[in-house]
Amino acid sequence: PKQVSLTLKEQNYLLNVAKASLAFYYRETEPVTLADANAVKLFNYNRGITIALFGMKPSRILSIESYIGYMVFKNTIPVAYGGGWMFGDRCKIGLNIYPPFRKGESGIIFAEVLRLYHQFYKQQRFMVMPYQFGKGNKEGLQSAAFWFYYKLGFRPATAALQQLALDEVAKKQAVKKYRTPFAVLQKFT
């Protein structure tokens, strides 16, 4: 990725775009709401993908983990947001693709986010927390987000859930229109 040099005016503009984009979908994240405009960074990727990073105001920075938010743009249109909670070389990460942009390049977008956190912040291990795919998050269950992360190489933490996932994969391969039941998706959380 190529980091873009930004003026304070451009950093504030990106921050305002992020806030407006989230407000449009009735959403909010602390790194954007409590962002320090001076900490806004922008990176250009191939395929028209740009990622803005948002660090929080010094008074709001967490004491143990670093919580850095991001917004992904495709050809200057906001398409996704999320954040990473970093501690050492471990990052708990989440992705939220805006509904009109789901499917398509979602996997590529998330791969670029992971690459940015790896290259810029030196993160080596990534974890997806259960909320991202449905724990206390109905939209995560409805979209079967578990399978999005699974296709990208994330795996359940326990042997029992790993086996359940393998069983579900076998069912999906055997019956093309098979859809994992909500009850099973809830077990993964």
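The expected span of a helix is 1.5 Å times one less than its number of residues. The views below all come from a predicted model.

**View 1. Helix 3 from end to end.** Helix 3 covers residues 106-121, and its 16 residues should span 22 Å at 1.5 Å a residue. The C-alpha atoms at its ends are 22 Å apart, which agrees. Buried residues of helix 3 are S106, I109, F110, E112, V113, L114, L116 and Y117. K122 follows the helix and has a positive phi, near 65 degrees.

**View 2. The largest nonpolar core.** This core has 36 residues, and Y70, V72, F110, Y117 and F188 touch the most other members. Elements giving it two or more residues include strand 3, strand 4 (66-74), helix 3 and helix 7 (182-188). Helix 3 provides the largest share, six residues. Another core, of 15 residues, lies apart from this one; A35, A37, A52 and M71 are among its members.

**View 3. The surroundings of F110.** At 0% relative accessibility, F110 is buried, because buried means under 20%. Not counting residues up to four places away in sequence, F110 touches Y70, I93, G94, L95, F148, Y149, L152 and F154.

**View 4. A stacked aromatic pair, Y25 and Y98.** The structure holds 20 aromatic pairs. In the stacked pair of Y25 and Y98, the centres are 4.2 Å apart and the planes are 15 degrees apart. Y25 lies in the loop between helix 1 (8-24) and helix 2 (30-33), while Y98 lies in the loop between strand 6 and helix 3, 73 residues apart. Y25 is partly exposed, with a relative accessible area of 22%, whereas Y98 is buried at 0%.

**View 5. A tilted aromatic pair, F110 and F154.** The ring centres of F110 and F154 are 6.2 Å apart and the planes stand at 40 degrees, so the pair is tilted. F110 belongs to helix 3 and F154 to the loop between helix 5 and helix 6, 44 residues apart. F154 is buried, with a relative accessible area of 15%.

**View 6. Rings in a cluster, and charges over rings.** Ring pairs link F110, F133, F146, W147, F148, Y149, Y150, F154 and F188 into a cluster. R155 lies over the face of Y150, 3.7 Å from the ring centre. The charged end of K172 sits over the ring of W147, 5.1 Å from the centre of that ring.

**View 7. T50 in strand 3.** T50 belongs to strand 3 (residues 49-54) and is buried, with a relative accessible area of 15%. The side chains of T50 and N44 are joined by a polar contact of 3.3 Å. Leaving aside neighbours within four places in sequence, the contacts of T50 include L42, F43, M71, V72 and F73.

How values were computed:
Residues numbered from 1 in each chain as written. Predicted model: local features only at pLDDT ≥ 70, side-chain atom pairs only at ≥ 80, totals over all residues. Heavy atoms only, no water. Helix = DSSP H or I, 4+ residues; strand = E, 2+ residues; numbered from the N terminus. Buried < 20%, exposed > 50% of the residue type's maximum accessible area, 1.4 Å probe, protein only. Polar contact = N/O pair within 3.5 Å; in protein donor to acceptor, adjacent residues only side chain to side chain. Contact = heavy atoms within 4.5 Å. Core = buried A, V, L, I, M, F, W, Y, C linked by side-chain atoms within 4.5 Å. Phe/Tyr/Trp six-rings, centres within 6.5 Å; stacked < 30°, edge-to-face > 60°. Lys NZ or Arg CZ within 6 Å of the ring centre and 35° of its normal.
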